[in-house]
Amino acid sequence: MARFLAIHNVSGLTEEEFREKLSAVSKWRPDRRTTILKVYGDLKRGKLVTECEAVEQEHFEDWIKMTGWPAESIFNVDLVMQVGNIWKL
Amino acid sequence: MSAPLEELLKMNREEIQSHNERPTADELRNKTQTYYEDVNVGDELPKYIYSPTPTHLFRWSAAIENFHRIHYDLDFGLNHDKNPSILVHGSWKQSVVPQYLKDFTLPKGWPWKAAFEHRAMLVPGDTLIVWAVVTNKYEKGGMGFIEMDLGMKTQDGVESMPGSATVVLPLKDGADIPYPFVPPTD
């Protein structure tokens, strides 16, 4: 598995729409190879950052198409620091 | 009426959950005996539906004192083992099979033997369907033997635990299955 981050342009996205897009397991874990771990939103500025664990980037892109949240960039994460723990992926 | 496995797999997770046939403790205490003659080849046993959460996994880790971090520490599971999430314990899956067979056979029958493999990683968010289909039946030594295929499928049809089992049920005009159960010799 690999880790990906994406930055999305979602101008006009509302909290209600955000919730609706992620309201069921199948919406954040669409299949066994793709798990959306976290979605950060700055709805005022129309931006989202999503974090995904997937076998290949293509699987993450499938989810992005499904949500209709266009990504301006996608990154393959190879190093993580979380509350002092550093993980090399 | 038990929904066929094939039908369950066409449903969404919430609908699948609504078909859970796992009996309550009271229902088990008052269960009517299923006799050998009541069972036919091709019958599907009741489906048990589980939707494990991180709380369930943590409770199981504590209960059996298995503190491997892949079962409760999401950061460790994701970043160290590269798993998709925290993982459902194989030992929990193993515990479901004897419970399932015991529930089916009690009060006077007994599970005899079961074998299965662990396949597929299961994670919180999965909906799990425990199923069994009768593949053969025969009488021996005044007892009724039921053979079955069984498993635990995910909502999207992945078989995570293919296996088989044999249970022993009393005949309608037969004696109770003795305890301890000793299989008849050929």
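On a 1 Å grid over the protein atoms alone, a pocket is an open set of points where a 1.4 Å probe fits, with protein on both sides within 12 Å along at least five of seven lines, and its lining residues have an atom within 4 Å of a point. A volume is the space filled by probe spheres set on the points, which are joined across faces, edges and corners. This is a predicted model, so local features need pLDDT of at least 70 and side-chain atom pairs count only at pLDDT 80 or more, while totals for chains, interfaces and linings use all residues. Residues are numbered from 1 along each chain as its sequence is written, and side-chain values use heavy atoms, without hydrogens or water.

The largest pocket holds about 520 Å³ of space. Its lining takes in 27 residues, with Leu37(A), Lys38(A), Glu51(A), Leu74(B) and Leu78(B) nearest the centre.

Now for the interface. Here 15 residues of chain A touch 19 of chain B, contact being heavy atoms within 4.5 Å. Together the two chains bury about 1400 Å², 53% of it on carbon and sulfur atoms; buried area is the accessible area (1.4 Å probe) lost on putting two parts together, summed over both. Arg29(A), Arg32(A) and Trp87(A) supply 44% of what chain A buries against chain B, more than any other three residues.

Three salt bridges are counted between the chains, each a side-chain nitrogen of Lys or Arg within 4 Å of a carboxyl oxygen of Asp or Glu. One of them pairs Arg32(A) with Asp126(B), at 3.3 Å from N to O.

Key. Chains are lettered from A and ligands numbered from 1 in the order in which they are written.
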